[in-house]
Amino acid sequence: MRVLDRLEQLAAIGDRIGYSPEEDAAHELAAGWFREAGLEVEVDDAGNLLGRRPGDGRAVWTGSHLDTVPSGGRYDGALGVVAGLEAVERLGLPGLGVVVFRDEERGCAGSRARCDSRALPDAFLELHVEQGPRLLNADAPLGVVTAIVGYSRQTVTVTGRAGHAGTTPMAGRDDALCTAAERVLAIRDAAQRVPEAVATVGTLTVEPGGVNVIPGAVSFTVDVRAPDRARLDELLAAIGLQPGLGTEPAVMGPDVVAAARAAVEELGLPVVELPSGAGHDAGILASAGVPSGMLFVRSQNGGVSHNPDELSSPEDIALAVDALTGALRRLAS
Ligand SMILES: [Zn+2]
């Protein structure tokens, strides 16, 4: 399959950090494929690559990114570009475009710059690997993304009373780490009560940090995510953090979601709707007012991503190209 062969060619370049010579090489390779497919190729000031079908038509773009994290997988970003080109080539409709945004992994620099320029499409649909296990668990090859989660990251500090680990009786201690441990478990329980929300304590600093000293202070970070502001604030309040802070969730455009759903249904596949727990270029475009959506392809190997074990099956990829084609056809008309 041509899609797999192209993924192989991109993987051969190796790690492709944003704006590195390797990312440049990947963009060059893609630009060649775009020209072969008869697309008009344009590179904007931020280095984003756009291939467009000539002629007048609704400007509907698909695509993703070709940069990677260090030691990343071969599907993250790249699949959305090569499958997007495949779909655009199949349809041959004027106005359709494939975009490759620069430097997504370190904070979506390319799509943010593009949004600042205001030269944007009428709709955007990004195909991407799920990077999680939900489609695997649902036994579904494809998923329709409803929102890209917003998040808030805050630091909590718990204070107690430091003291001698040998001479201070257990009764009457004020051990900051024991209090923090209770807080961490309470955060987990609170997140389980808010649908589609997650909360993670990922770092913890114990002071003064001696093996024979009762901890006097502990600070830890909390990363809270939810598909909409109401649930994000509900969870933040439930765990005693300040609501209203962080990155806003990006809700996908209803028309784009409907087109993706119809295309998946047309293939006789179950329609699984899910929020994206990771950030994507589609979220940046959605926040800039472009009706946007995402199609997820099932991730194998337990859903692992940002890892060389990242995998999606050739069968699922073939279905994804079909679904993307069907959805773009609906959006273009
Ligand atoms: Zn990605």
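Predicted model: local features only at pLDDT ≥ 70, side-chain atom pairs only at ≥ 80, totals over all residues.
Trainee: What is the bridge partner of tyrosine 151 in β11?
Mentor: Strand β7 covers residues 150–159 and β11 covers residues 217–226. The two strands pair in the antiparallel sense over ten bridges. Threonine 155 has threonine 221 as its bridge partner. For tyrosine 151, the partner is arginine 225.

Trainee: How far is arginine 225 from the ring centre of tyrosine 151?
Mentor: Tyrosine 151 and arginine 225 are bridge partners. Arginine 225 also lies over the face of the tyrosine 151 ring. A charge counts as over a ring if CZ of Arg is within 6 Å of the ring centre and within 35 degrees of the ring normal. Here the distance to the ring centre is 5.3 Å.

Trainee: How many bridges join β9 to β11?
Mentor: Strand β9 spans residues 198–207 and runs antiparallel to β11. Valine 201 has valine 222 as its bridge partner. Leucine 204 is partnered by phenylalanine 220. The number of bridges between β9 and β11 is eight.

Trainee: What is the strand order of the open sheet?
Mentor: The sheet has three strands with antiparallel pairing. β7 and β9 stand at the edges with a single partner strand each, so one side of each has no neighbour in the sheet. The twist from one strand to the next averages 15°. The order is β7-β11-β9.

Trainee: What angle does helix α6 make with β11?
Mentor: Helix α6 comprises residues 176–192 and packs on the sheet. It touches β7, β9 and β11. Its direction makes an angle with that of β11 of about 5°.

Trainee: And at what angle to β11 does helix α7 run?
Mentor: Helix α7 is made of residues 229–238. It lies across β7, β9 and β11. Its angle to β11 is about 160°.

Trainee: How many residues of β11 are buried?
Mentor: Buried means under 20% relative accessible area. Strand β11 has ten residues and is mostly covered. The buried count is nine.

Trainee: Are aspartate 76 and histidine 128 buried or exposed?
Mentor: The cut-off for burial is under 20% relative accessible area. Aspartate 76 and histidine 128 are both buried.

Trainee: What kind of aromatic pair do phenylalanine 101 and phenylalanine 124 form?
Mentor: The count comes to one aromatic pair. The ring centres are 5.9 Å apart, with 75° between the planes.

Trainee: Is arginine 35 buried or exposed?
Mentor: Arginine 35 lies in helix α2 (residues 21–36). Its C-alpha atom is 7.8 Å from that of glycine 51, 16 residues apart along the chain. The relative accessibility of arginine 35 is 53%, and the cut-off is over 50%, so arginine 35 counts as exposed.

Trainee: What percentage of the residues in the protein is buried?
Mentor: The protein has ten helices and 14 strands. Its C-alpha atoms fill a box of roughly 80 × 40 × 40 Å along the principal axes. Of the 333 residues, the buried share is 51%.

Key: Residues numbered from 1 in each chain as written. Heavy atoms only, no water. Buried < 20%, exposed > 50% of the residue type's maximum accessible area, 1.4 Å probe, protein only. Helix = DSSP H or I, 4+ residues; strand = E, 2+ residues; numbered from the N terminus. Pairing = 2+ DSSP bridges. Phe/Tyr/Trp six-rings, centres within 6.5 Å; stacked < 30°, edge-to-face > 60°. Axes fitted to C-alpha atoms, helices over the stretch in contact; angles between N-to-C directions. Contact = heavy atoms within 4.5 Å.
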